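The exercises below are to be worked with the sequence and the model open side by side. Each one sets a task and then goes through its solution step by step.

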Amino acid sequence: MIVSVDDFRTAARRRVPRWLFDYVDGGSYAEATLLRNRSCFNEHPFLPRVLRQIAQPDTTTTVLGVKHAFPLILSPVGMGGMLSAAGEGAAARAAADAALSMCVSHFSIASIENLARTVDPARLMFQLYIFRDRAITADMVRRAWDAGVRTLVLTVDTPVTPLRERDARNGFRRLSRLSGRQICQMAFRPRWTLGVAQRSDRVIGNLVPYSMGRTLFEQAATISRSLDPAIGWADVAWLRQLWKGQFVLKGILHPEDTERAAGIGVDAVILSNHGGRQLDGAVAALETLEANVATAAGRLEILVDGGFRYGNDIIRALTLGARAVMVGRPWAYALAAGGEKGVRDLLTYFHEGLQSGMSLLGADRIQNLQEENYQVPV
């Protein structure tokens with residue numbers, strides 16, 4: 001029986017090869033940031049109100065001009081389509097049918113064009129990395145716009161890729177083809193192996209036009225060499241001018257960076273430590289939320305990701321001022337565990353948890369969470 005994100009995680013670990021599970025599940029170095037993303041939620045206890053006659057809380061909200069059934073967006077997960085034969089299209093359909101949005105990874109298996117044909121592109125955001133070759137970056141921007149996507153998300157916290165011990169042990173990013181060890185792991189996951197083997201798209205679809213490798217492993221190795229480690233605010237300003245739609249920065253933690261983003265005309269920032277996959281020992285995004293909301297002062301929207309596992313976690317972020325939250329690993333686990341149905345079940349789980357939490361807290365609508373103080377005074 002699956003009744004929590006941890007249950008989805010357990011099922012995913014049993015269904016996909018270890019090298020792929022570890023790529024999604026792991027963090028950098030000691031994984032201290034990965035653990036901090038969860039532990040920080042305990043530092044924000046609720047102070048509920050009662051007898052408010054709330055039969056059914058209204059969870060609808062608007063994020064970057066798009067109406068959502070509740071304030072949750074699927075975060076970008078690189079190579080997430082490899083987790084199931086259903087691919088990223090299954091997650092995109094589940095999100096769109098739930099009146100939610102999905103941020104498509106630059107390194108998704110399905111190309112942005114294919115996903116935009118699968119669901120209404122208004123329900124898609126596109127995550128972008130900046131390559132040393134700016135022509136590739138500019139072409140990706142063009143392709144996303146031509147596909148109908150109107151929200152671009154630039155990830156800014158990955159100038160380098162730190163040691164991720166699990167990936168290093170599995171040879172991920174170091175090998176150009178499957179090793180004997182990886183093939184052996186796949187042999188113990190025959191259903192996953194058969195399903196993926198029947199697919200024609202077993203490479204990063206968004207990178208196919210740029211000749212970065214014939215296999216997933218070759219592409220992963222090329223990516224490490226191709227991303228520009230020296231991007232700066234001038235690059236953000238360049239993209240702001242290039243992109244005509246909503247423009248978002250992902251990977252902000254410091255309020256001064258939010259101030260810089262507001263000055264350039266960014267529409268939103270996503271507070272994130274990259275799921276504990278980058279700087280080990282960094283603060284959790286939730287811990288910087290109030291300070292960044294105060295700095296933004298309504299000039300841009302504040303989204304937050306990292307460690308969200310329950311509906312009540314969403315409430316904590318909203319009471320601290322976030323417009324919405326984003327989840328990555330949870331939908332990846334759900335896709336691996338149950339394909340499209342798994343992602344649908346996950347979204348229902350989050351929505352029902354949010355509704356019950358709001359009822360118990362005494363909040364009848366999302367805006368009410370931010371207008372009243374439901375946190376224990378510090």
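Does Asn37 count as buried or exposed, and at what relative accessibility? Asn37 counts as buried, because its relative accessibility is 3%, where buried means under 20% relative accessible area, exposed over 50% and partly exposed in between, with a 1.4 Å probe and protein chains only. The model is a predicted one, in which local features need pLDDT of at least 70 and side-chain atom pairs count only at pLDDT 80 or more, while totals for chains, interfaces and linings use all residues. Residues are numbered from 1 along each chain as its sequence is written, and side-chain values use heavy atoms, with hydrogens and water left out.

**Exercise 1. Describe the barrel and the surroundings of strand E5.**

Start from the overall order of strands, which is a closed barrel of 8 strands running E3-E4-E5-E6-E7-E8-E9-E10 with parallel pairing; two strands pair if DSSP finds at least two bridges between them. The twist averages 30° from one strand to the next.

Then look at one pair, in which strand E4 (residues 101-104) and strand E5 (residues 124-128) run parallel and are joined by 3 bridges. Within this pair, Cys103 stands opposite Met125, and Val104 stands opposite Phe126.

Now consider the side chains of E5. In a regular strand the side chains alternate between the two faces of the sheet. In E5, Leu124, Phe126 and Leu128 point one way, whereas Met125 and Gln127 point the other way, and all are buried.

Helix H6 (residues 134-146) lies across E5 and strand E6 (151-155), and runs at about 180° to E5; axes are lines fitted to C-alpha atoms, for helices over the stretch in contact, and angles run from 0 to 180 degrees between N-to-C directions. Helix H11 (residues 233-242) packs on the sheet and touches E5, E6 and strand E7 (246-252), its direction making about 155° with that of E7.

**Exercise 2. Examine the annotated binding-site residues.**

First, consult the record: UniProt, in an unreviewed entry, places the feature "binding site" at Tyr23, Tyr129, Arg164, His274 and Arg277. UniProt positions are given in the numbering used here, feature names are shortened, and annotations may be inferred rather than shown by experiment.

Second, take His274, which lies in the loop between strand E8 (268-271) and helix H13 (285-296). His274 is buried, with a relative accessible area of 13%. Not counting residues up to four places away in sequence, His274 touches Tyr129, Thr155, Asp157, Thr158 and Lys250. With one of these, Asp157, the contact is polar and runs from side chain to side chain at 3.1 Å; a polar contact is a pair of N or O atoms within 3.5 Å, of which, within protein, one must be able to donate a hydrogen and the other to accept it, and residues adjacent in sequence count only if both atoms are side-chain atoms.

Third, turn to Arg277, which lies in the loop between E8 and H13 and is buried at a relative accessible area of 10%. Among the residues that Arg277 touches, not counting those up to four places away in sequence, are Tyr23, Arg164 and Arg329. A polar atom of the Arg277 side chain lies 2.6 Å from the backbone oxygen of Tyr23. Tyr23 itself is one of the buried residues of helix H2, a helix (residues 18-25) in which 7 of 8 residues are buried.

Terms used. Helix = DSSP H or I, 4+ residues; strand = E, 2+ residues; numbered from the N terminus. Contact = heavy atoms within 4.5 Å.
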